[in-house]
Amino acid sequence: MDRGQQAPEPGAPRARGPGVMAPVRAVLRLRRRACVLRKRRLQGPGASGPGGGGGPGAARTEPRFFTFDGPAEPPARAPRRRRRRSRLVLYPEAARKPRPRVERRSRAQRCLWLLVAIVGFQVLNAIENLDDNELRYDLDGLEKALRGSVFGQPAAVGRVVALLRDYLATHAHGRPLLLALLGPRGVGKSLAGRLLARHFRAVPGGAPVLLYHARHHCPEPRAAPRCRRDLARRVADVVARAEAAERTPLLVLDEAELLPPALLDELHGLLQPQRPHRFRNAIYVLLSGAGGADIARFALHRAARAPRNASRAPPGPDAAAEEELRARLGARLAREHPLWQAAAIVPFLLLDRQDVVSCFQDEMAGEGFFPDRARAERLAAQLSYYRVAGREFAVTGCKQVVAAVNRL
């Protein structure tokens, strides 16, 4: 034993071992607890540590301050039920249900509907006006009159009526209608022109009509400037009266092949779309023998190709040939004057012997004679004919019928 150390007294009590080790054990327990808490924090809430029961809520039940009590068991929690969201919102019956806000319509949409209604009304009104304007001229009655008096020209009559229907369907037009009735002598051109003029004068209200004969109104070619001024004055007067009466005038010019070039120039100027509206709303009918030789050759050639037992050439298969004939006539006449370029060509073909007999019967009935068929055939036998494939076509048509009946 060293000298610096004092020996304990024999009568003093000795310190016990457990009293000294208790703080050490407490420090170790705290350190162990801190390690466990650190591990649980790093592993997450669902991990269980070595120091105690590892439930999902173990970390939440740990006391904030150190105690010597053991870790408490986490209370058992019932599984949480997931709430299902209801898409349908229920309201009390007595409450007022709010409605979704209606989108505000723009004023442009209302204006658009109004515009559609106005356009529809105008279209309906225009359709009714089309029917009224066509019925005003009684074109069915005109067709019946033409077919009953102009013999042997069913295709020409049908084309004239069809062109008039298309033009008279409306009252306002962009340019006048120009019809050119072409054919040899005595085939019914002048008769068709007179029937057209009579019918237009007889419509309710009376449409203004001008009949101009080149041989009568302008007999001398040297007086062409005066005839031109006279024709312009007559046309202006007719179209002015027609505009006041709200009618479509008819201007018939017979023997147009005799018109001087100055008058053709005046007519060509009247047809231009730059003229006032009253001049654009008119129907011009030119009766001319120009192209008569071509039409006669066409009729004879068609008769030669027809079957032997056919009394008349079938109109159906020759529609393309007649269209070619109209194109050929229009091209030939356009080389003579540009007026004919704007004309709708209507060729009048040769009349056969049966058509001439019908002309005699009609003229005899008009003069007060009994229309005897045998007598009419005897009168028709006195005329000259083209004989092709067993058929006979009158050279002068019905031109001499009136003179022959007057001699009875």
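How many cavities of 30 Å³ or more does the count come to?

Mentor: The count comes to 1 cavity of 30 Å³ or more. Here is how the term is set. On a 1 Å grid over the protein atoms alone, a cavity is a set of points where a 1.4 Å probe fits but cannot get out. A pocket is an open set with protein on both sides within 12 Å along at least five of seven lines. Lining residues have an atom within 4 Å of a point. Grid points are joined across faces, edges and corners, and a volume is the space filled by probe spheres set on the points.

One caution before we go in. This is a predicted model, where local features need pLDDT of at least 70 and side-chain atom pairs count only at pLDDT 80 or more, while totals for chains, interfaces and linings use all residues. Residues are numbered from 1 along each chain as its sequence is written, and side-chain values use heavy atoms, with hydrogens and water left out.

Now the cavity. The largest cavity has a volume of about 40 Å³. Its lining is made by Leu146, Val150, Ala156, Val157, Val160, Leu181, Ala192, Leu196 and Phe348. By class, that lining has 9 nonpolar, no polar and no charged residues. Ala, Val, Leu, Ile, Met, Phe, Trp, Tyr, Cys and Pro count as nonpolar, Asp, Glu, Lys and Arg as charged, and the others, Gly among them, as polar.

Which elements hold this lining? Helix H5 (154-168) and H6 each supply at least two of its residues. The largest share, 3 residues, comes from H5. Helices (H or I, at least four residues) and strands (E, at least two) are DSSP runs, numbered from the N terminus.

H6 leads us on to the largest pocket. The volume of that pocket is about 760 Å³. Of the 29 residues that line the pocket, the closest to its centre are Gly186, Ser190, Leu191, Arg194 and Lys399. Helix H6 (189-202), strand S4 (283-288), helix H13 (353-366) and helix H15 (401-406) are the elements that give two or more residues to this lining. H6 gives the largest share, 5 residues. The pocket lining divides into 13 nonpolar, 6 polar and 10 charged residues.

Take H13 next. Gln361 has its place in this helix. Buried means under 20% relative accessible area, exposed over 50%, partly exposed in between (1.4 Å probe, protein chains only). Gln361 counts as buried because its relative accessibility is 19%. Leaving aside neighbours within four places in sequence, Gln361 is in contact (heavy atoms within 4.5 Å) with Pro371, Asp372, Arg373 and Ala376. The side chains of Gln361 and Arg373 are also joined by a polar contact of 3.5 Å. A polar contact is a pair of N or O atoms within 3.5 Å; within protein, one must be able to donate a hydrogen and the other to accept it, and residues adjacent in sequence count only if both atoms are side-chain atoms.

Move to helix H8 (residues 224-245), where Asp230 sits. Asp230 is at 17% relative accessibility, so it counts as buried. The side chain of Asp230 makes a polar contact with the side chain of Arg233, at 2.6 Å. Arg234 is also in helix H8. Arg234 counts as partly exposed because its relative accessibility is 27%. Apart from neighbours within four places in sequence, Arg234 is in contact with Leu210, Tyr212 and His217. Arg234 and Leu251 are 17 residues apart in sequence and 9.8 Å apart in space, C-alpha to C-alpha.

Two loops deserve a look. Asp138 lies in the loop between helix H3 (107-136) and helix H4 (139-149). Asp138 is not a glycine, yet has a positive phi of about 50°. At 40% relative accessibility, Asp138 counts as partly exposed. Ala389 is in the loop between strand S6 (385-388) and strand S7 (391-394). Phi of Ala389 is positive too, near 55°. Ala389 counts as partly exposed, at 28% relative accessibility.

Last, the whole chain. The chain has 15 helices and 7 strands. Buried residues make up 36% of its 408 residues. Among contacts with a separation of 6 or more, 72% join residues 24 or more positions apart.
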